[in-house]
Amino acid sequence: MDLSVVILVEFLYAIASLILISAGLAVIFGMMKVINLAHGEFMMMGGYATITAVNAGVNIFFAMLVIAPITIGLIGLIIERLIIRRLYGRLIDTMLATWGLSLFFIGLAKMIFGNTTTGVSTPIPGLSIGDYQINGYNFFIIIIGFIVLALMLFVLKGTRAGLIARGTMQIPEMAAALGCSPDRVYLVTFFCGAALSGLAGAILAPLVGLTPSSGATYIAEAFITVIAGGPALIIGLLSSASFFGTINQLFTFAISPIVGEVMLLVSAVILLRLLPQGITSKFFKGKF
Amino acid sequence: MSFNRRTFLTGTACLAGASVLPRAAIAADSIKLGSILDTSGIFDAYGKPMDMAMRLAINEINAAGGLLGKQVDVVAYDTQSDMALYTQYAQQLTRQDDVDVVHGGILSASREAIRQTMRKTNTLYFYNVQYEGGVCDRNIFITGVTPAQQVEVLVPYALKNSGKKVYILAADYNYGQITARWIQKFVGDNGGETVSVDFFPLDVSDFGSTIAKIQTVGPDLVFAPLVGGNHLSFFRQWAAAGMNKRIPLASTTMGAGNDHKVLTPDEGDGIMVAYNYSQELDTPANNSFKEKWATAYGDSNLIHELAVSTYQGVMAWAEAVRQAGTIDRDDLIVTLEKGLSIDGPAGKVTIDPQTHHAVLDVHIMEIENQGMRVIETLPQRQPIDTQEVCDLQANPDDNTQYEIEI
């Protein structure tokens, strides 16, 4: 009984962390069609922003939930103005440019923070469930993961800003004709995407040893989740994160973490063979 | 005036020739020590303090009048954590710079990349790093600890402080696999039982499911020879789940690169380790070493196991040169094989003639408040793992890295 609760929490945790890792990319790549290879570095910088703030005496929750997303959002803003806005609609070029950016950010982080592993400890103590001890921070990640998802759904579906953003991404000329400046909409959307990536990096920072090259660990999972999700942003993210999170944990518990990772990739290959446009091209059609 | 390729080549050849001449003249009255380390890139946390330790040793030797009446010059190359550069710089050191001895290499891969070049060019080579053991080559001397030296003393101590059921989590490459085998052997020898062994590739950083799995097995002790920044997450997540208060941890790697200073006292306290060196070693030799380091570099925070091994390696070589009265490779090997020993910051270091590894003091320690508190010192431990497979006295032409079977 206790074990099944522990396992359930680990499953939810795996799903929530996939949602967090992929949310920023879902906005920047899924909505804006910018292949952001610097996504992992946005997360890495989110982690460093948190650690720097905590070392300066800031409350860790404030650092993770406010400082990191805003800092990375602002960095995203500068990048968008300087580089990305010249590349909308040019998929391959965005890939090259953001790859360069990713190398640049890794180098920058090495210069500023050095090449050693750093980190902060988790702010939430462990809990006992019956005979088992479990990382209390897992619950925090689960909650934040689902709040992020709900918030994205609410903003995109329930507010005027979300409507304008969706419309502009579909047909920018029409949005312009109706009096919205696509330039500004792109800018704000990119800010949100970068901020979400920064948030994910910040939330995961207490669980890992952070180095300037940490971003690389997340990038593959993030792209696979977003691509397998398909055209519907929120439902796609939720369904693919659930699918991959479940597969990963299933094999991790049954066999080992390595097999879990391998099966995640194998199932992604099979899934994309059967549903090349992603899960939501077939299921939940027309949903959000 | 025309400037074609031919004139360019003659010109540069003349220049090169001219620059070689005076250098060759200087070389006669100085001894050249080649150093090859990753002082930038992902391994620089290991390499930088090693480079500092090497320079500290050489400055000390030169300040005391050098060796054989000559000053020692350092020829150092930064391999930038790139294995391909090791082969390139090894060629440069041995063929162009014509050094008398080479110290360096960090990862086992880097050592194997340059070992044969050193052997072919008859350049004496010192590898000053804790590694998986088993290298058997008359041209190389190894001053770091091997798994058996650590595990032999750490396992009985850890078992005594916990219980008989041991769960092993190891890094998934030759170091982790070989070390895991040694742990299993010594657990068995000491009346314990290994209940499970899990291996993790170096990029795994999520240990949540593993921690749950460990609890379903319910061991008395977890042994974790994990390696690198991603694996550091295990110790963090272990503490975050509150497990550090329930099941004791032991490791052969935690702290070797000063990684225990990244963990908070709450996360790190109580982890049992065994090394040749600890900053907290309270001996006159270590205190004066730390003082020398602090005078040279500001403070002594960066000193770690590998840096001290490097310092001891350079000092052992220098002592051999003094005793042999020459820098000739063969004479030095003979001198070192007499069981030469020096007193380093971590205690006495004796060269084992049979394996060219080091007989070292091993200290059992517990991590406490981001330091390593010494609990017990076991003097002069033999490299028993390598001794099992390697006998350079009987087979001086051996040139293999043995995979030790247990």
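**Exercise 1. Describe the contact between chain A and chain B in this predicted model: how many residues does it take from each chain, and how much area is buried?**

Step 1. Begin with the residues that touch. Chain A brings 35 residues to the contact, and chain B brings 32.

Step 2. Turn to the area. The two chains bury about 2,500 Å² between them, with 55% of it on carbon and sulfur atoms. On the side of chain A, the residues that lose the most area to chain B are Asn115(A), Gln133(A) and Pro257(A), which together make up 22% of what that side buries.

Step 3. Look for paired groups. The count of salt bridges between chain A and chain B is 0, whereas 10 residue pairs are in polar contact across this interface, both residues being at pLDDT 80 or more.

Step 4. Find the elements involved. Four elements of chain A each give at least two residues to the side that touches chain B: helix H1 (2-31), strand S2 (132-134), helix H10 (233-254) and helix H11 (257-274). The largest share, 4 residues, belongs to H1(A).

Step 5. Sort that side of chain A by class. It holds 15 nonpolar, 18 polar and 2 charged residues.

**Exercise 2. Work out how chain B is divided into domains, and what lies between domain 1 and domain 2 of chain B.**

Step 1. Domain 1 of chain B is made of 5-145 + 281-360 + 383-401, and domain 2 covers 147-275.

Step 2. Follow the contact. In chain B, 20 residues of domain 1 meet 16 residues of domain 2. The two domains of chain B bury about 1,500 Å² between them, and 54% of that is on carbon and sulfur atoms.

Step 3. Check the pairs. Between domain 1 and domain 2 of chain B there are 0 salt bridges, but 10 residue pairs are in polar contact, both residues at pLDDT 80 or more.

Step 4. Trace the side of domain 1 of chain B that touches domain 2. Helix H11 (305-324), strand S14 (358-368) and helix H13 (384-389) of chain B each supply at least two of its residues. By class, that side has 11 nonpolar, 5 polar and 4 charged residues.

**Exercise 3. Find which cysteines form a disulfide, and say which parts of chain B the pair ties together.**

Step 1. Count first. There is 1 disulfide over all chains.

Step 2. Name the partners. Cys136(B) and Cys390(B) form the disulfide, with their sulfur atoms 1.9 Å apart. The link of Cys136(B) and Cys390(B) is right-handed, with 75° about the S-S bond.

Step 3. Locate both ends. Cys136(B) sits in strand S5 (residues 135-137) of chain B, and Cys390(B) in the loop between H13 and strand S16 (399-401) of chain B, so the link joins parts that are 254 residues apart in sequence.

Notes: Residues numbered from 1 in each chain as written. Chains lettered and ligands numbered in written order. Predicted model: local features only at pLDDT ≥ 70, side-chain atom pairs only at ≥ 80, totals over all residues. Heavy atoms only, no water. Domains from an automatic or database assignment. Contact = heavy atoms within 4.5 Å. Buried area = accessible area lost by both parts, 1.4 Å probe. Salt bridge = Lys/Arg side-chain N within 4 Å of Asp/Glu carboxyl O. Polar contact = N/O pair within 3.5 Å; in protein donor to acceptor, adjacent residues only side chain to side chain. Nonpolar A, V, L, I, M, F, W, Y, C, P; charged D, E, K, R; others polar. Disulfide = S-S within 2.5 Å.
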